[in-house]
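Subject: Handover of a structure and the findings on it

Dear colleague,

Please find the structure below, followed by an account of what was found in it.

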Amino acid sequence: MEIWLNPACSKCRSAVEILDEEGARYTVRKYLEDPPSADDLRGVLARLGLEPWDITRTQEAEAQELGLAEWERTDAARERWIAALAAHPRLIQRPIITADDGSALVGRSEEAVREAVARAGSGETSDG
């Protein structure tokens, strides 16, 4: 499992605490330092079953500057949204957890993080 996070985010830190409590095996992607490509975003969106506007932090200053509130939320506009998220990773909702079963979820609640752990095999731990 992988968790995309911003270490300054309290929801991200809480998610990591839960993953650690559960003994989950995971890797961390600090997505502001290692931004996802457009292809990465397409892949995670497919796993989430969501559209790019569903994982966009529209209240961020960058979103306001880009005028995202006015952008169409249509199939035709989808690539524009993905390009914006790739260029401005701060706009990506966090944390995003990709589970080993091929699914993903936005882990903003304790329940969502625990669901990711369950999908990953009920908290299997590594040897080290």
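Is A61 buried, partly exposed or exposed? A61 is partly exposed, since its relative accessible area is 49%; the term buried applies under 20% relative accessible area, exposed applies over 50%, and partly exposed covers what lies in between, with a 1.4 Å probe and protein chains only.

The model is a predicted one, in which local features need pLDDT of at least 70 and side-chain atom pairs count only at pLDDT 80 or more, while totals for chains, interfaces and linings use all residues. Residues are numbered from 1 along each chain as its sequence is written, and side-chain values use heavy atoms, with hydrogens and water left out.

A61 and R90

A61 belongs to helix α3 (residues 61–66). Helices (H or I, at least four residues) and strands (E, at least two) are DSSP runs numbered from the N terminus. Between A61 and R90 there are 29 residues in sequence and 9.8 Å in space, C-alpha to C-alpha.

Helix α1 (residues 10–21) and helix α5 (residues 110–119) have axes that come within 10 Å and cross at roughly 40°. Axes here are lines fitted to C-alpha atoms, for helices over the stretch in contact, and angles run from 0 to 180 degrees between N-to-C directions. The helices α1 and α5 are therefore oblique to each other; angles under 35 degrees count as roughly parallel, over 145 as roughly antiparallel, 65 to 115 as roughly perpendicular and the rest as oblique. The crossing of α1 and α5 is right-handed, a term used if the near helix is turned clockwise from the far one by less than a right angle, with left-handed used if anticlockwise.

On the α1 side, the residues that meet α5 are A15, I18, L19 and E21, and their counterparts in α5 are E110, V113, R114 and V117. Contact means heavy atoms within 4.5 Å. By class, the contact of α1 with α5 has five nonpolar, no polar and three charged residues. Ala, Val, Leu, Ile, Met, Phe, Trp, Tyr, Cys and Pro count as nonpolar, Asp, Glu, Lys and Arg as charged, and the others, Gly among them, as polar.

For helix α2 (residues 38–48) and α4, the axes come within 9 Å and cross at roughly 115°. The crossing of α2 with α4 is right-handed. A38, L41, R42 and L45 of α2 make this contact with R78, E79, I82, L85 and A86 of α4. The residues of the contact divide into six nonpolar, no polar and three charged.

Buried strand residues

I97 is placed in strand β3 and is buried, with a relative accessible area of 0%. Residues that I97 touches, leaving aside those up to four places away in sequence, include M1, I3, L105, V113 and A116. From I97 to G121 the C-alpha separation is 14 Å, at 24 residues apart in sequence.

R29 lies in strand β2 (residues 27–30) and counts as buried at 11% relative accessibility. A polar atom of the R29 side chain lies 3.1 Å from the backbone oxygen of P35. Such a polar contact is a pair of N or O atoms within 3.5 Å; within protein, one must be able to donate a hydrogen and the other to accept it, and residues adjacent in sequence count only if both atoms are side-chain atoms. Not counting residues up to four places away in sequence, R29 touches several others, among them E2, W4, D34 and D40.

Loop residues

D100 sits in the loop between β3 (96–98) and β4 (104–106) and is exposed, with a relative accessible area of 51%. A polar atom of the D100 side chain is 2.7 Å from the backbone nitrogen of M1. Beyond four places in sequence, D100 touches M1 and A120.

S109 is found in the loop between β4 and α5 and is partly exposed, at a relative accessible area of 30%. The backbone nitrogen of A112 lies 3.1 Å from a polar atom of the S109 side chain.

P95 is in the loop between α4 (78–87) and β3. The peptide bond from R94 to P95 is cis, with omega near -10°. In general, most peptide bonds are trans.
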